[in-house]
Amino acid sequence: MSSTNMACLTPEAALSGECDFLSANLYARSVFGEDALANLSIEKVESTGHIQGHVRIRSKTQGIALSLGDKITLSQKESGKLALT
């Protein structure tokens with residue numbers, strides 16, 4: 001979340017516990033007042049230990065969605081263990 005400056009809308013209680021999957025909603029507002037919502041759904045692959053999943057970014061304008069997508073892709077490449085589609 002730090003690479004995209006997004007806040008988590010999902011309650012902390014829903015994120016706690018032991019399981020191999022996570023679903024969360026993230027929210028951001030740009031300096032221009034544009035809102036964006038990201039739906040994150042990830043799971044840990046037992047055999048490899050890698051994390052894979054999907055991120056869906058929604059916004060009224062295309063610019064903020066593309067910018068957030070680029071930041072997520074860059075973060076994914078830097079970590080090497082994350083496979084988001």
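Trainee: How many salt bridges does the structure hold?

Mentor: Side chains of opposite charge can pair when their charged atoms come close. A salt bridge is counted when a side-chain nitrogen of Lys or Arg lies within 4 Å of a carboxyl oxygen of Asp or Glu. The structure holds one. This is a predicted model, in which local features need pLDDT of at least 70 and side-chain atom pairs count only at pLDDT 80 or more, while totals for chains, interfaces and linings use all residues. Residues are numbered from 1 along each chain as its sequence is written, and side-chain values use heavy atoms, with hydrogens and water left out.

Trainee: Which side chains meet in the salt bridge?

Mentor: Those of Asp35 and Arg29, at 2.9 Å from N to O.

Trainee: Is Arg29 buried or exposed?

Mentor: A residue is buried under 20% relative accessible area, exposed over 50% and partly exposed in between, using a 1.4 Å probe and protein chains only. Arg29 counts as exposed because its relative accessibility is 54%. Asp35 has a relative accessible area of 35%, so Asp35 is partly exposed.

Trainee: How many helices and strands are there in the protein chain?

Mentor: Helices (H or I, at least four residues) and strands (E, at least two) are DSSP runs, numbered from the N terminus. The protein chain has two helices and five strands. Along the sequence, their pattern is β-α-β-β-β-α-β.

Trainee: How many bridges join β2 to β3?

Mentor: Two strands pair if DSSP finds at least two bridges between them. Strand β3 (residues 35–44) runs antiparallel to β2, and nine bridges join them. Look at Ser23, which stands opposite Ser41 in β3. Phe21 has Glu43 in β3 as its bridge partner. The two strands form a hairpin with five residues between them, and Gly33 in that turn has a positive phi of about 85°.

Trainee: Over how many bridges do β3 and β4 pair?

Mentor: Nine, again in the antiparallel sense, with β4 covering residues 51–59. Asn39 stands opposite Arg56 in β4, and the bridge partner of Ser41 in β4 is His54.

Trainee: Which residues make up the largest nonpolar core?

Mentor: A nonpolar core is a set of buried Ala, Val, Leu, Ile, Met, Phe, Trp, Tyr and Cys residues joined through side-chain atoms within 4.5 Å. Here the largest has seven residues: Met6, Leu26, Ala28, Ala36, Ala38, Ile64 and Leu68. At least two residues of this core come from each of β2, β3 and α2 (62–79).

Trainee: Where is the place of Ile64?

Mentor: In helix α2. Ile64 is buried because its relative accessible area is 9%. Contact means heavy atoms within 4.5 Å. Apart from neighbours within four places in sequence, Ile64 is in contact with Ser30, Glu34, Asp35, Ala36 and Ser59. Ala36 is 28 residues from Ile64 in sequence and 7.1 Å from it in space, C-alpha to C-alpha.

Trainee: Where does Ile51 sit?

Mentor: Ile51 is in strand β4. With a relative accessible area of 33%, Ile51 is partly exposed. Its C-alpha atom is separated by 9.1 Å from that of Phe21, 30 residues apart along the chain.

Trainee: What share of the protein chain is made up of buried residues?

Mentor: Buried residues are 19% of the 85 residues. Accessible areas come from the Shrake-Rupley method with a 1.4 Å probe, and for residues, only the protein chains shown count as cover. The accessible surface of the protein chain comes to about 6,200 Å², and 55% of it belongs to carbon and sulfur atoms. As for contacts between residues at least 6 apart in sequence, 31% join residues at least 24 apart.
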